[in-house]
Amino acid sequence: MSFSVNTNAGALIALQNLSATTRQLSTTENRINTGLKISSAKDNAAVFGIAQNQRATSNSLNSVIGSLQRGQSTVDVALSAGSSVSDLLQQLKEKALAAVDVTLDTTSRAALNNEFISLRNQITTVTSNAVFNGANLIDSGATQIQALANESGSQVISVAHQSLALGGANVTITAAASIGTTAAASIQIAALNTSIANVSSALGKLGTGSKALGSHQTFITNLQNSIDVGIGNLVDADLAKESANLQALQTKQQLGIQALSIANQSSSILLGLFK
């Protein structure tokens, strides 16, 4: 073995080992600080790319969930208003039945007719105000609503409108309906029986739509959770393992510093040869 003051092989080896340990320690400290074993493309380009794609999907599902929630709220508002319309129709039928009685005097019949007209007009008030997020599923001229069903926007869930306005396909009594005479009351009873049945059917369809939106929202939420867990499996650091590595590398670093110090002192031995 030769001795040289120009080249200290032992110190170079010790420095190389110390540098490697320092890099490993830096990597471990970064994992502990971020909680990620892969925090950038330089850690693992392939896995980082997969994780980023899945993060994009998960973030897009937030919009899908929001769309489904808005859609369900719109349908639920329509259902609530529709239930009120159904109740009003039943009250109208009660007034119409009472007005069929031929023994009613003029004053009583007029009072019943006024109540009938007031209840009839309430239907218009209810249907015109069943609005959520600018959408109304039960007013005349209403259109269907659509909610996003996937992250690409290529699929939607639709809920058809069910008009409950006066004189429409479901509520057949008109805005001019009255029970001022026995004959008129009889006509309205038939129309009300049809309207009550139609509204019950319409409410059933709206209920099915609301259930579909709610079920799909649950699925999307579970899907998003599964994707997030998958991302974590790809990039999350095992902090228990990293903590153990940290202790070991800190000790190794201290030993490396001592080894380098010893190696640097070896050249001073050559001074003894010239005394």
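A residue is called buried when its relative accessible area is under 20%, exposed when it is over 50%, and partly exposed in between, as judged with a 1.4 Å probe and the protein chains only. The structure described here is a predicted model, in which local features need a pLDDT of at least 70 and side-chain atom pairs count only at pLDDT 80 or more, while totals for chains, interfaces and linings use all residues. Residues are numbered from 1 along each chain as its sequence is written, and side-chain values rest on heavy atoms, with hydrogens and water left out.

The protein contains five helices and two strands, where helices (H or I, at least four residues) and strands (E, at least two) are DSSP runs numbered from the N terminus. Read from the N terminus, these elements follow the order α-α-α-β-β-α-α. The protein is more spread out than a compact globule, because its radius of gyration is 39 Å, well over the 19 Å that the globule rule gives for 275 residues; the radius is taken over C-alpha atoms, and the rule is 2.2 Å times the number of residues to the power 0.38. The C-alpha trace spans about 140 × 30 × 25 Å along its principal axes, and buried residues make up 34% of the 275 residues.

The two strands, E1 (residues 145-148) and E2 (residues 156-159), run antiparallel and are joined by four bridges, strands being counted as paired if DSSP finds at least two bridges between them. Within this pair, Gln146 stands opposite Ser158 of E2.

Glu151 lies in the loop between E1 and E2 and counts as partly exposed, because its relative accessibility is 41%. Apart from residues up to four places away in sequence, Glu151 touches Thr57, Ser60, Leu61 and Val64, contact meaning heavy atoms within 4.5 Å. The C-alpha atoms of Glu151 and Val64 are separated by 6.4 Å, although the two residues are 87 residues apart along the chain.

Gln162, by contrast, is located in the loop between E2 and helix H4 (182-235), and its relative accessibility of 10% means that Gln162 counts as buried. Beyond its neighbours within four places in sequence, Gln162 is in contact with Leu137, Ile138, Asn170, Ala202, Lys205 and Leu206.
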